[in-house]
Amino acid sequence: MTTWRGGDPVATSAAEWDRRAAGFLGCGFRVVVPTGPPGGPAYRFARAQAERVARRLGLELDPVAWAELANRDGGAVVEGGWEYWPGRPFGPPWTCAARLDAATAPEPPVAVAAVSLPWRWGSTGALAGLPTISRLEAARAERHVAGRGAGLGLWFDHRGRLCTTTAGPVVVLAADGRWVRPPEEAGAVTSWTYDEVAAAVAAAPAGLGRAALADARLVCAVGELGDLRAAVSVDGRPCSPDPVALDELRTAVARILSPRRRSGR
């Protein structure tokens, strides 16, 4: 684990970072570089996500930290932010990078029950689609899902359209055999892996209401590291995930995270 404050490297253990993060007051981001060569597409995607948060706040990323990260091979979880105390300006940026082990071929998709969450997804809010560090909403949703014996929570917006899930953004195989995904304006926080998987199956943006999900042949969340969760029921209504479609997703993830792709070849 490496941390920087205002461009200066700071020796910080994982435990020390956890203590600092617990008392953090301010704004920040959390992004994942799942794999790839130094400065490669996954790195550029993660940096662009962090830059979106910075621009929304009118602040700057730590250029030294990101320049050093651009020279690293492999994956990383990158957290950062700007401290704030009432009556003072935002402090210098903090950046923390924890190295990820090399990504491997994905495990078989996990079959889970899915339930609709009772709170609307803020697709029109100022932070929609941004990878911020707040975990309050996500933690509340995860407790709600677990309390109902399910493994996947579905977030809908004020129009009743699917936006994302508690396990990452979603791809859906519609009843007519088309791959679809929620449109960008749904406000899901995407990842490099998800975007690559959605592109691999040519998933087109589409508004997805509950009726469309009821007839879908597959509803599957895609995690940052390529983990897949396929719904076997939605709000108590059983459904049978299409095994061919699931295999197509798993094959796409394996190809995206393969050693050849990670090395940039």
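Good morning, everyone. Let me open on one residue pair: Trp-82 has Pro-93, in S5, as its bridge partner. Before we follow that pair into its sheet, a word on the model. It is a predicted one, where local features need pLDDT of at least 70, side-chain atom pairs count only at pLDDT 80 or more, and totals for chains, interfaces and linings use all residues. Residues are numbered from 1 along each chain as its sequence is written, and side-chain values use heavy atoms, with hydrogens and water left out.

So, the overall picture. The protein chain has eight helices and 14 strands; these are DSSP runs, H or I of at least four residues for helices and E of at least two for strands, numbered from the N terminus. Its radius of gyration is 19 Å, close to the 18 Å that the globule rule gives for 265 residues, so the chain is as compact as a globular protein of that length. That radius is taken over C-alpha atoms, and the rule is 2.2 Å times the number of residues to the power 0.38. Along the principal axes, the C-alpha atoms fill a box of roughly 55 × 45 × 30 Å.

Of the 265 residues, 46% count as buried, where buried means under 20% relative accessible area, exposed over 50%, and partly exposed in between, with a 1.4 Å probe and protein chains only. Among contacts with a separation of 6 or more, 71% come from residues 24 or more positions apart; contact here means heavy atoms within 4.5 Å.

Now back to the sheet. It is open, has five strands in the order S2-S1-S5-S4-S3, and its pairing is antiparallel. Two strands pair if DSSP finds at least two bridges between them. At the edges sit S2 (8-10) and S3 (26-33), each pairing on one side only. From one strand to the next, the twist averages 20°.

Let's look at S4, residues 75-83. Eight bridges join S4 to S5 (residues 93-100), and the two run antiparallel. Gly-75 stands opposite Leu-100 in S5. On the S3 side, eight bridges again join S3 to S4, also antiparallel, and Gly-26 has Glu-83 of S4 as its bridge partner.

How many of the nine residues of S4 are buried? Eight are, so S4 is largely enclosed by the rest of the structure. Helix H2 (residues 41-57) lies across S3 and S4, running at about 165° to S3. For that angle, axes are lines fitted to C-alpha atoms, for helices over the stretch in contact, and angles run from 0 to 180 degrees between N-to-C directions.

Two more residues, if you'll bear with me. Asp-242 lies in the loop between strand S14 (237-238) and helix H7 (243-256). Asp-242 is buried, with a relative accessible area of 15%. A polar atom of its side chain lies 3.0 Å from the backbone nitrogen of Ala-245. Not counting residues up to four places away in sequence, Asp-242 touches Leu-173, Arg-217 and Leu-218.

And Pro-205: is this residue buried or exposed? Pro-205 is exposed, with a relative accessible area of 60%. You'll find Pro-205 in strand S11 (residues 204-205). Leaving aside neighbours within four places in sequence, Pro-205 is in contact with Arg-181 and Pro-183.

Terms used. Polar contact = N/O pair within 3.5 Å; in protein donor to acceptor, adjacent residues only side chain to side chain.
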